[in-house]
Amino acid sequence: MAGEPTKPKSAGDVASTKARQDGSLPEAKPSTSEDIAAFVAKARAMSPHAAGGRGRLVFALDATMSRQPTWDMACALQADMFREAASLGSLDIRLVYYRGFNECRATGWISDSAQLARLMGRIDCQGGNTQIGKVLSEARREAVASGVRAVVFVGDAMEESVDDLCAKAGELGLLKVPVFMFQEGHDPIAEQAFREIARLTGGAWCRFDPGAAAQLRELLRAAAAYAAGGREALLRLAKTTGGAAALIGQMK
């Protein structure tokens, strides 16, 4: 079916043909309002995109075993990203996730929230190590091939070479593709890596409480607003949504 997850290409396969489909599917210091407001402020300041355009957002999730609660939250909240974008322009989302033993997959570009929800609902989390490097490589490939306005990553751990991740992040930074790293929990190793990835790409890092749906919703909606319409879209969001207005109202 269209949009079925496939395996993203490795760095050595960037010049090859599109990856084939194989048919198979695959605790913490509380966030403060200042943390979330800082993310929104950073996105507002950096966006080069005009309102009303069509945005493309890579939505990447850690689907290892510890992520099941956040995966379930993301399934419930992903429609909010489409709804937010609908009032600003439009949004296509490419879901990328990793789990288990060396499994990392991606959907095609999806413009319908119901289709994305169906695909996400068929994926269960499995134990395994992080594969953030593959996520960044896939984002770079798509940025070159079809254009990507932003990458959102949601996870709680990092078990890879931080220098390797930073090299990949730097390439995305040169392509002007910001990566928004949303960290659940307070793992210091993950935080160090996530902050550096965000810095190198011109993106932003923000922490949210384990299981905090409201906080994650605000972050995802802000990312969707950025991808669909840029800085001016976030100002429009503040005029129509009390939560966003409260966040922007706290900016320094």
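Author: Axes are lines fitted to C-alpha atoms, for helices over the stretch in contact, and angles run from 0 to 180 degrees between N-to-C directions. In this predicted model, the axes of α5 and of helix α6, which spans residues 188–201, come within 7 Å and cross at roughly 25 degrees.

Reader: Why is α5 called roughly parallel to α6?

Author: Angles under 35 degrees count as roughly parallel, and the axes of α5 and α6 cross at roughly 25 degrees, which makes α5 roughly parallel to α6. The crossing in which α5 passes α6 is right-handed.

Reader: Which residues of α5 and α6 make the contact, and how many of them are nonpolar, polar or charged by class?

Author: From α5 come V162, L165, C166, A169, G170, L172 and G173, and from α6 come A193, E196, I197, L200 and T201. Sorted by class, this contact of α5 with α6 has eight nonpolar, three polar and one charged residues.

Reader: What makes α4 roughly parallel to α5?

Author: The axes of helix α4 (residues 132–145) and helix α5 (residues 162–174) come within 9 Å and cross at roughly 20 degrees; since the cut-off for roughly parallel is an angle under 35 degrees, α4 counts as roughly parallel to α5. The crossing of α4 and α5 is left-handed. The contact joins I132, G133, L136, S137, A139 and R140 of α4 to L165, K168, A169, E171 and L172 of α5, and by class it has six nonpolar, two polar and three charged residues.

Reader: How do you know whether W71 is buried or exposed?

Author: A residue is buried under 20% relative accessible area, and W71 has 2% relative accessibility, so W71 counts as buried. This residue lies in helix α2, and, leaving aside residues up to four places away in sequence, W71 touches L61, D62, A63, L95, Y97, M120, I123 and C125. For one of these, I123, the C-alpha atom is separated from that of W71 by 9.2 Å, although the two residues are 52 residues apart along the chain.

Reader: Why can the buried residues of α3 be said to line one face of the helix?

Author: The buried residues of helix α3, which runs over residues 113–121, are Q115, L116, L119 and M120. Seen down the axis of α3, these buried residues fall within an arc of 130 degrees, and therefore they line one face of the helix. On the other side of α3, R118 and G121 are exposed. Among what covers the buried residues of α3 are β1 (54–62), α2 (68–86) and β2 (90–99).

Note on methods:
Residues are numbered from 1 along each chain as its sequence is written. This is a predicted model: local features need pLDDT of at least 70, side-chain atom pairs count only at pLDDT 80 or more; totals for chains, interfaces and linings use all residues. Side-chain values use heavy atoms; hydrogens and water are left out. Buried means under 20% relative accessible area, exposed over 50%, partly exposed in between (1.4 Å probe, protein chains only). Helices (H or I, at least four residues) and strands (E, at least two) are DSSP runs, numbered from the N terminus. The arc is that of the directions from the helix axis to the C-beta atoms. Contact means heavy atoms within 4.5 Å. Angles under 35 degrees count as roughly parallel, over 145 as roughly antiparallel, 65 to 115 as roughly perpendicular and the rest as oblique. A crossing is left-handed if the near helix is turned anticlockwise from the far one by less than a right angle, and right-handed if clockwise. Ala, Val, Leu, Ile, Met, Phe, Trp, Tyr, Cys and Pro count as nonpolar, Asp, Glu, Lys and Arg as charged, and the others, Gly among them, as polar.
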